[in-house]
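Dear colleague,

I am handing over the structure below, and my notes on it follow.

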Amino acid sequence: MNITDFIKKKTDPFIRNKGLLAPLSEIAYRNFELVCDNNEKSGDLSLQAISSIYQFSIGQTFKSHNIKQLFNYQLNDEKDRFVPTKYLSLQKKQFIDNEIASTLLKLVSAIRELNQNYTHNLEPLRIGNNIITPQIIEFLHDLFEVSIIMLLNKSVKDRNNFTSQYNEDSLNLLLKEFILTLFFPETSYTTEEIEVLRKKSKDELINEVLFFDVQSVYQWKVVNYPLMMPIQCGKYLSFTSCLFINSLFLFKEDTKIIFPNFPFLKNKTDETQVLQMFFSLFANPYTLHYIPSQHLRIAKHKDIIEYLNLYPSPWQEALNSQSPCFPMSHLLKDFLIERECNRVFLKVPPSKSNPYSYNYKPINGYKDYRLDSLINNQTDLWSKYSRKQDKFMLYASRYLAESNYFGEEAMFKVYQFASNEEQEKYIVEAKQNLPKREYDKLKYHKGRLVVYKSYHNHLQEYPRWDSPFVVENNAIQIYVKILGEPWIVSIQRRLIIYFLEDALFSKKKESNGIALLQNYLPHHQRDVRNGLFVFKTGQTNNLSTKEMSNLRKLFPRKLIQSYLYEDNTGDMDSPSQVLSDTSINDTEKKGTKKILNLRVGKHLKLRYIRKVWNLIYFKDIYKDQAQRMGHHKKFHITKDEFVFYTRWMYSFESIPSYKDHLIQFFIKKHFFNNEEFKELFLNSSSIDELYLQTKRNFIKWSAHNVNSEKKEKTYSLEDYKLFFESKILYINVSHFISFLNQEKVIQKNDNGIIQYKALKNLSYLIKPFYYKDKLEIEHYKTYGKVFNKLRSIKLEDCLLYEIAYRYLLNVTPSFPKYKQLIIQSFPKEKVDLLVNAIYSFEIHNKKGAFIYSIQVPFLKLNELVCLIYRNSTKIAATNNEFLFLQIYKYLASYCKNKPVDYELYTVCYKFNQLKVLGYDDLLHFLKHIVKRGLQLTQILTQLEKFLIIKNNIQIDIQKQGTLNSLYL
């Protein structure tokens, strides 16, 4: 093949697919903007935006593959962890450091612009310009190779061990053959050309797909007459590269609609299907992650209802066959089996041969599915319908914040950053810029920085992150001004239900919580002052039972013990406390078999080891060193040292170098000064050995030290001086209830039981999830603990149901620009019926008149939200009219004539006769619009071609072929 034919073969796909690549590039560019939250499309991208781009383009797809094997993770002794050793350009750190995100944005924009016209300027695709850097070339090369591997991986059964089945040479040979078959078909290349390609290495073959060389200026002509566009010497991105880059920013719905229109992807051959899979590999489903919180009221409703459709977590203890609570689980198990049978099988009424029970026969293609196997595999069934995470505190906190219950200026304790990269960058800068005293004051929870921030300010910074709340010790904290003074208020789980009840059912909702706290604070402070007077005057011996109970509500337990009881069992680090808190034997006595699980058992043993070592070895060594050296800070264990210590201890039996690190660490801290500890550690080769020997040493040690740990009146008022002076309000639930009762905020019946308005939703919940309304007295000893937890969760679930209903009751805040356009009237219904219900949304015009309705299954509510938001943001740039009004106008006009598009025939019938559209009808309509758009762009490009030929339009070669040099 001569050079002219070669270049023509490489550039012709741009022209042939001009009308298709242009809209595809436009969609990719808009998706890029959407991922960046529409506010960072120009200028430098923030670290938050870059993280989102990485996750959207390639990160999400990598999660579904065995990345440790794909990237060949190896132990790095310097970093003391496993790190990738292959395809480093695809790692997130390299993605950020090499500015791949901004380069991809420029490339997508360039591809979009050069395909908007029939005239072509390939200069933006030339390697060596300001856009295409060596880093992006390496990124594309590695990503292409990894894509081929992942595609091959999908075709094998053992996906986790795919790459390990081949050595490097055999894997490269396999990749070469696959690339040749997929991108160099025999129908387009001669036998000689394919033989030449076979002699190339894998890397050369990938370069052949992604790039092409122009060794002399190529005079581009149209119909062999008018001079069109000169292609300068250099190396360029190929058409396949442009399509591959665009495919990183497509949703699955985009690929399904557009790709079948490309001529080389249209035929339904095996090769074409695989090629479509290749270009759809990184396409993501459109999820709620890309939508700001304010537009998610319908989705939040669905999320809560799905949560309520799963059984509460306390049941997991009762479902354990070794648990004494196991007999109480029969009601739940029968319900779950019945539910699963109804889902998988068709229910047949009793017959004459079996008049007392229902029979089931398989439906939905489950021909070989047997009822026995369903019932026997109960463990999977219990897991399927369980709540994997307790979300009540997050749901409740979010609703209180959204409704401004504590006022707009109330600041919640939240996680400061959404990603690890943002936090790491901040910590590095803080370490350099802040004084050490200020740096040490940074607060963490579970390794993440926390800060007090108003919900409004948080959503301005992270519009899509609506649950950043820190739930610590089953409580949240808020920073508010009460009576003109700043206070930190700790709201525990048992307390938040009263605030939630008030927020949901009181007439005034906004700022109602701050008013309640302002009334409660004087009541609380008065009782605290009275209690302090009792302690200071020594009147604790003359207190009545009720007075002692009131003191317990407001003062720390240790302080109460010091003044009210002579027998004090000592501090939390006493030997008896260590034994009771962390002993494996005590855990087994309670009937918990989690210790048999390797991971849980390991954590428990390590916690026991750390506590015992600190008590019988480290404490004395630390005191001795501090006393001899006269300074103690140098002997402290830093945060970083503790992180490494934890990692080394957890895995030292499987990674030999970790034990060496531990030895060096213990020597540095002088812990090996104790010969018993030194011998203990050096002679142990596993966690089990360490645990057993530590336990023996501890029992021996505690026999001589337990009695000496008892103390009398360790804590006094002076010890709690800072506690009483601090502006932190810890609210006791019982004390708060008495205040609410006194203020008549709550109502009680004749038996003194609080009458919660939320309990009216109890009939809509799934009854077997909460066992019984009342437990028999004889069962309290066995089932009482689980039953009480379920009873508390029952009230919480009633509140959550009300929140879900409020989200649905008024959905217009989800679309603030289009108020009164969507009106929904949906009666309350049982949770298990809602998950199978059809939701009907009425569409009204600007005058408030009904025009048609949209009916969507519960399972498609999230997709509806995504569809509305995505298409509304597209329309907003050119037209302020609401999406569903535009659909109405188009269909009203289109349906007057006989529909040309067969898929729209049913849509038009339902629209004209029933004034109803389903979710699938909306998809057919949007698919129809995209197809019409593709046809229009193809017509426009052909018209441009016609004008070029007719008017003999040429490009001035001397002006480097810029579009501005067009002349007649």
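**Strand pairing and other findings**

Strand 12 (residues 475-482) and strand 13 (residues 485-492) run antiparallel and are joined by 8 bridges; helices (H or I, at least four residues) and strands (E, at least two) are DSSP runs numbered from the N terminus, and two strands pair if DSSP finds at least two bridges between them. This is a predicted model, in which local features need pLDDT of at least 70 and side-chain atom pairs count only at pLDDT 80 or more, while totals for chains, interfaces and linings use all residues. Residues are numbered from 1 along each chain as its sequence is written, and side-chain values use heavy atoms, with hydrogens and water left out.

Within this pairing, V480 has W487 in strand 13 as its bridge partner. The hairpin of strand 12 and strand 13 has 2 residues between the strands, and L483 takes a positive phi near 55° there. Strand 13 is also joined by 3 bridges to strand 14 (residues 728-730), and these two run parallel; here the bridge partner of I488 is I728 in strand 14.

S506 lies in the loop between helix 24 (493-505) and helix 25 (512-537). Is S506 buried or exposed? S506 counts as buried because its relative accessibility is 16%, where buried means under 20% relative accessible area, exposed over 50%, and partly exposed in between (1.4 Å probe, protein chains only). The side chain of S506 reaches the backbone oxygen of D502 at 2.5 Å, and it makes a polar contact with the side chain of N512 at 3.2 Å; a polar contact is a pair of N or O atoms within 3.5 Å, and within protein one must be able to donate a hydrogen and the other to accept it, with residues adjacent in sequence counting only if both atoms are side-chain atoms. Leaving aside residues up to four places away in sequence, S506 touches E501 and N512, contact meaning heavy atoms within 4.5 Å.

L936 is placed in helix 42 (residues 919-951) and is partly exposed, with a relative accessible area of 49%.

For the chain as a whole, there are 42 helices and 20 strands, and 47% of the 968 residues count as buried. Among contacts between residues at least 6 apart in sequence, 69% join residues at least 24 apart.
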